[in-house]
Amino acid sequence: MQVPLLDLKAQYATIKDEILAAVAEVLESQRCIGGPKVAELEEKVAAISDCKFAVGVSSGTDAILNSLMSLDIGAGDEVITTPFTFFATVGCLARTAAKPVFVDIDPKTFNINAKLIGSAVTERAKAIMPVHLFGQIADMDPIMEVANKYDLAVIEDAAQSITSTYKGRKAGSIGMVGCFSFFPSKNLGGAGDGGMVVTNDEDLFNRLKVMRNHGANPKYYHKFVGGNFRLDPIQAAVLLVKLPHLDDWSEARRRNAAFYDEKFAGTVVKTPYISPDCVSIYNQYVIRVIKRDELVAHLKEKGVGCAIYYPVPMHMQECFKHLGYKEGDFPEAEKATEDVLAIPIYPELTDDMQDYVVENIIQFLT
Ligand SMILES: Cc1ncc(COP(=O)(O)O)c(C=O)c1O
């Protein structure tokens, strides 16, 4: 049996005709930049995120970059974030010349340890950027408390967590701004790159819109230096076909997670912890195991897809050496890089496939 980490062809087969028709509609219109598809997607993503405003952008990375630039975060500003994330979170900070200030993670959720944030605040601090990793929102109440106390903006990197909830509140709606990615492997993934920024702040919304278009308003009159952060209408058309399925797909992922949770109970496999405050969308199902690297080789041989998110914490990346961090600074993030493993969780998995994954893991580890 072969069980890939993700099978996008299985999903595509269920909506192929609609996707082709939607893409054809855009091509026939030749409205290839902006237009009604982008506007409709923005309206719908704002609505499912319980936010007033949304701005479609070219990727999750550009959602973060646009947010930082629109909040005027740059040289000399510090932004407190997690070292256990995808590179884009921290890469965008570096690109605006802001300084990432890392805080270790909570080993149970893999998200930033909210209790440690207060002591990382200096007078140069301008924002906190929690990352809602693997589909679960970070512990936002204490994060917002620190942010309110020191007047810091909160930028939610919700690239992996669209529609997930914390105390009933939607990802992206709790801080000042939320950033989503439509990278194809996300729960809501396009046919290429795409992203969205959501906010309830009208002034920020207006800046985000201008910033995504080179800071021009009106055209050819540049208020500030922005970028080309626009979302393609073809991507918006594909995402509009997929959007009505998002809740069912995330529910199927939760069912698959419950299946694994039960099968791994009482074994050496540590299954994901989801806080009672949260409903996860399980963009990834990440277990913690001993002999992780040997297990990866074994699963590969058995035709089971898996991946390590993430093998190197951000404070130990070569390009961030100048920040002056060293091994041992964030022990929980470092430990996580050594034993985490994402296994298949996509909606179309069958019980037989999941049994095969479980058997191969348990057999190897015991
Ligand atoms: C946590 C996190 N932040 C940011 C991004 C960047 O999104 P994109 O790949 O759409 O640029 C990703 C995407 O993988 C992500 O997982």
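View 1. Helix H3 (60-70) and helix H4 (87-95) each put at least two residues into the shell around the ligand. H3 is the top contributor, with 3 residues. Helices here are DSSP runs of H or I with at least four residues, strands are runs of E with at least two, and both are numbered from the N terminus. Keep in mind that this is a predicted model: local features need pLDDT of at least 70, side-chain atom pairs count only at pLDDT 80 or more, and totals for chains, interfaces and linings use all residues. Residues are numbered from 1 along each chain as its sequence is written, and side-chain values use heavy atoms, with hydrogens and water left out.

**View 2. The shell around the ligand.** In total, 17 residues surround the ligand, and the closest are Gly60, Thr61, Asp157, Ser181 and Lys186. Sorted by class, the shell has 7 nonpolar, 8 polar and 2 charged residues. For that tally, Ala, Val, Leu, Ile, Met, Phe, Trp, Tyr, Cys and Pro are nonpolar, Asp, Glu, Lys and Arg are charged, and the others, Gly among them, are polar.

View 3. Thr61 has a side-chain N or O atom 2.5 Å from a ligand oxygen. For Lys186, a polar side-chain atom sits 2.7 Å from an oxygen of the ligand, and for Gln160 the side-chain N or O atom is 2.8 Å from a ligand oxygen. On its own the ligand exposes 380 Å², and the protein buries 93% of that (Shrake-Rupley areas, 1.4 Å probe).

View 4. The 3 strands line up as S7-S6-S10 in an open, antiparallel sheet. At the edges are S7 (169-170) and S10 (278-279), each pairing on one side only. Pairing takes at least two DSSP bridges, and S6 (residues 165-166) has 2 bridges to S7. Thr165 stands opposite Lys170 in S7.

View 5. Most residues other than glycine have a negative phi, and most peptide bonds are trans. Asn217 and Pro218 are joined by a cis peptide bond, omega about -5°, with Pro218 in the loop between H6 (202-211) and H7 (233-242). Tyr220 is also placed in the loop between H6 and H7, and its phi is positive, about 75°. Tyr309 to Tyr310 is another cis bond, omega near 10°; Tyr310 lies in the loop between H9 (292-301) and H10 (331-339).

Technical notes: A residue is near a molecule or strand if one of its heavy atoms lies within 4 Å of it. A polar contact is a pair of N or O atoms within 3.5 Å; within protein, one must be able to donate a hydrogen and the other to accept it, and residues adjacent in sequence count only if both atoms are side-chain atoms.
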